[in-house]
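Subject: Structure for you to look at

Dear colleague,

I am passing on the structure that we spoke about, and my notes on it follow below. Please read them with the coordinates open.

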Amino acid sequence: SSGNSRQEGSAVVAGGISCPVVFGDDAPPLPTVAINNKAYPPGTIVGIGLRGSVGLHVAVAQGCRPVGTTYEVTKANGNFIEELDGRPAVEVLREFTEGVNEQDKQTIQTYGIMVGLATPGGKDVNVGDYLIRQIIGFRSPAVMVGAEVTVGDLLKFHVRDPEAALQDMRNMVGRAKTERMFATNG
């Protein structure tokens, strides 16, 4: 036992990031694990032991916010997006990054840019409906992302954003509390 006993009904909130941010060859990567507001260095291993009647709720916070317009994937091959709205994907990405405001340019330079993918069904897709994936390479005119892409998918560029991550976590904790309340009393 680590001596970290907690009262019954209390919660530990923990999180991690699956794609750490590294700036330059000499820069150390930023912390990728946090438990109860304390960040731990890269390479940290976290283990837990559970016994008795324990409720466990796992959720994934995207930690990103959408920027710009929604595009339709008009040509794709596996995880290569070749065209967005009938135009070369690399060209659309370049124009997008040149056209964002200064704050978003700084956020992109600091945290990078991600791709949000949504299933077709209208361009009024909500923020949480996007599956966030990294841009992992380029093969002109295509942008390679960390997921299989299908013609007709909707795409919106996203930026990593600490405030968006915090709001995601708050929303998920609120949903979990509501679900638990109805599961216990329902």
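In which helix do Glu98 and Arg94 both lie, and how many residues apart are they? Both are in helix H1, four residues apart, which is about one turn of the helix; helices (H or I, at least four residues) and strands (E, at least two) are DSSP runs, numbered from the N terminus.

Before going further, please note that this is a predicted model, in which local features need pLDDT of at least 70 and side-chain atom pairs count only at pLDDT 80 or more, while totals for chains, interfaces and linings use all residues. Residues are numbered from 1 along each chain as its sequence is written, and side-chain values use heavy atoms, with hydrogens and water left out.

Overall architecture

The protein chain has three helices and ten strands, and from the N terminus on its elements run β-β-β-β-β-β-α-α-β-β-β-β-α. Of its 186 residues, 27% count as buried, where buried means under 20% relative accessible area, exposed over 50%, and partly exposed in between (1.4 Å probe, protein chains only). The accessible surface of the chain comes to about 12,400 Å², of which 51% belongs to carbon and sulfur atoms; accessible areas come from the Shrake-Rupley method with a 1.4 Å probe, and for residues only the protein chains shown count as cover. Among contacts (heavy atoms within 4.5 Å) between residues at least 6 apart in sequence, 64% join residues at least 24 apart.

Salt bridges

The structure holds seven salt bridges, each defined as a side-chain nitrogen of Lys or Arg within 4 Å of a carboxyl oxygen of Asp or Glu. The side chains of Arg65 and Asp104 meet in one of them, at 2.6 Å from N to O. Arg65 lies in strand E4 and Asp104 in helix H2 (residues 102–111), so this pair ties together parts that are 39 residues apart in sequence. Arg65 is partly exposed, with a relative accessible area of 22%, whereas Asp104 is buried, at 7%.

Leaving aside neighbours within four places in sequence, Leu155 is in contact with residues including Thr69, Tyr71, Ile81, Leu84, Val115 and Tyr130.

Aromatic residues

There are two aromatic pairs in the structure, where rings of Phe, Tyr and Trp (its six-membered ring) pair if their centres lie within 6.5 Å, and planes under 30 degrees apart count as stacked, over 60 as edge-to-face and the rest as tilted. Tyr71 and Phe157 form an edge-to-face pair, with 5.8 Å centre to centre and 65° between the planes. This pair links distant parts of the chain, with Tyr71 in strand E4 and Phe157 in strand E10, 86 residues apart. Both Tyr71 and Phe157 are buried, and together with Phe96 they form one aromatic cluster.

A surface feature

Finally, Ile48, in the loop between strand E3 (38–40) and strand E4 (64–77), is exposed, with a relative accessible area of 67%.
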